[in-house]
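Biologist: I would like to learn how to read packing and charge pairs from coordinates. Where do we begin?

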Amino acid sequence: MKIAILGFGTVGSGVYEIGKTLKNIEVKKVLEKDLSKINIATNNYDEIINDKEIELVVECMGGLHPAYEFIMKALQNKKSVVSANKAVIAKYLDEFLKTAKENNVEFRFEASVGGGIPCLAGIQKIHRIENIDKFYGIFNGTSNFILDNMYRFENEFVTSLKTTQKVGYAEADPSADIDGYDVTNKVIISFALAYDGFIKNDFPCFTMKNITKEDILYFKKQGFVAKYIGEATTKGSKYEASVMLNLFPINALEANVLSNYNIVTVKSYTMGEIKFYGQGAGKLPTANAIIQDILDIQTKISFYSISIEKKYIYSPNLFKHKYVIRSNEELKGDFEKLDKDGNNLYHYTKEITQADLLQLVEEKDYLVVKLNEY
């Protein structure tokens, strides 16, 4: 199969590197502004679109535009597309799947969630037999590296962030990772395969940048480890989801996920809990997932026909959970416990809904953490 790669950065070069080792894949063109990077580079997308030998396009550009336009143009010209771009997929998945079906080609996106971890394939396999009760996990390696660094070395948030940037896990602008946009996109994509529906980012997303060294040390004394978690579940035609810091007991698997690793849990009736663990990002792990999609398309392997026709409405009143809210002032409300540590007040809620929680915090700059019941 002859393919083209859009973008020759970290992931694109990884796809090229692995593709060279396989006899049944040939990278014919690479879309790249810098033509000196590789001898098959072109800066004219029409060269790829008009090349009838190219059957598949790998989109590794990132961002919304022109990635959206390039993906649509490839599908409309009857070329299958594989993408790792969670931002564009989370926004336009419905359009991509519809256009692919209309043109009798494929749109695959395993690498968009969990890097090289085959968690989307796992979700598809479980879902073809039974309903999925819920999924949750550490979906972002950058945020996990920061929290792990704070916990193990007792560093401040800013110090840990700078370390994460220095080793190359965080961008110069880390907002997508630490404010939860990246995890939100991955929850939306995972939800599509788990529940056959395409949701928007209507659910709560709490930044993790409010956590401090003092918080980490306080929770450590209580026997908890903080992790940044994305999760979702449904009840009938309603759904609940969130992106926020969660507290896990020190013996929980999630509490012991170190460095930039990810872990995604899928819960169902006959399987119980299945956990997918591994490198959530990186050049070769992500490229490996892209190559797997290419080979599946080539050999016509499909774990489950993707349909996102079901309609779901976000409800903040579906389930009740316990939370911890840290502030420097005593909050009004009926709390289970109030704990003082230094200048910090830790308010332990009773079991409350997301609606109750949002009313308590009122968009103020408090630290909000879920007490994990798993």
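**Reading burial and salt bridges**

Modeller: Start with burial. Thr349 has a relative accessible area of 2%, so it is buried. Keep in mind that this is a predicted model.

Biologist: Where is Thr349 placed?

Modeller: Thr349 is in strand 15, residues 344-349.

Biologist: Which residues does Thr349 touch, leaving out those up to four places away in sequence?

Modeller: With those left out, Thr349 touches His321, Lys322, Tyr323, Ile325, Phe335, Glu336 and Leu360. The Thr349 side chain reaches the backbone nitrogen of Tyr323 at 2.9 Å.

Biologist: Now a helix. Which residues of helix 1 are buried?

Modeller: Helix 1 spans residues 10-19. Its buried residues are Gly12, Ser13, Gly14, Val15, Ile18 and Gly19.

Biologist: On to charges. How many salt bridges does the structure hold?

Modeller: There are 22. To read one, look for a side-chain nitrogen of Lys or Arg within 4 Å of a carboxyl oxygen of Asp or Glu. Glu47 and Lys29 form such a pair, at 3.4 Å from N to O. This pair links distant parts of the chain, with Glu47 in helix 2 (residues 45-49) and Lys29 in strand 2 (residues 26-31), 18 residues apart.

Biologist: Are Glu47 and Lys29 buried or partly exposed?

Modeller: Glu47 is partly exposed at 36% relative accessible area. Lys29 is partly exposed too, at 22%.

Biologist: Which residue does Asp46 meet in a salt bridge?

Modeller: Asp46 meets Lys73, at 2.8 Å from N to O. Asp46 is in helix 2 and Lys73 in helix 3 (residues 67-76), 27 residues apart. Asp46 has 33% relative accessibility, so it counts as partly exposed. Lys73 is partly exposed at 31%.

Biologist: What is the closest N and O distance between Lys86 and Asp182?

Modeller: Their closest N and O atoms are 3.5 Å apart, in a salt bridge. Lys86 lies in helix 4 (residues 86-102) and Asp182 in helix 9 (residues 181-195), so the pair ties together parts 96 residues apart in sequence. Lys86 is partly exposed at 27% relative accessibility, whereas Asp182 is buried at 7% relative accessible area.

Technical notes:
Residues are numbered from 1 along each chain as its sequence is written. This is a predicted model: local features need pLDDT of at least 70, side-chain atom pairs count only at pLDDT 80 or more; totals for chains, interfaces and linings use all residues. Side-chain values use heavy atoms; hydrogens and water are left out. Buried means under 20% relative accessible area, exposed over 50%, partly exposed in between (1.4 Å probe, protein chains only). Helices (H or I, at least four residues) and strands (E, at least two) are DSSP runs, numbered from the N terminus. A polar contact is a pair of N or O atoms within 3.5 Å; within protein, one must be able to donate a hydrogen and the other to accept it, and residues adjacent in sequence count only if both atoms are side-chain atoms. Contact means heavy atoms within 4.5 Å.
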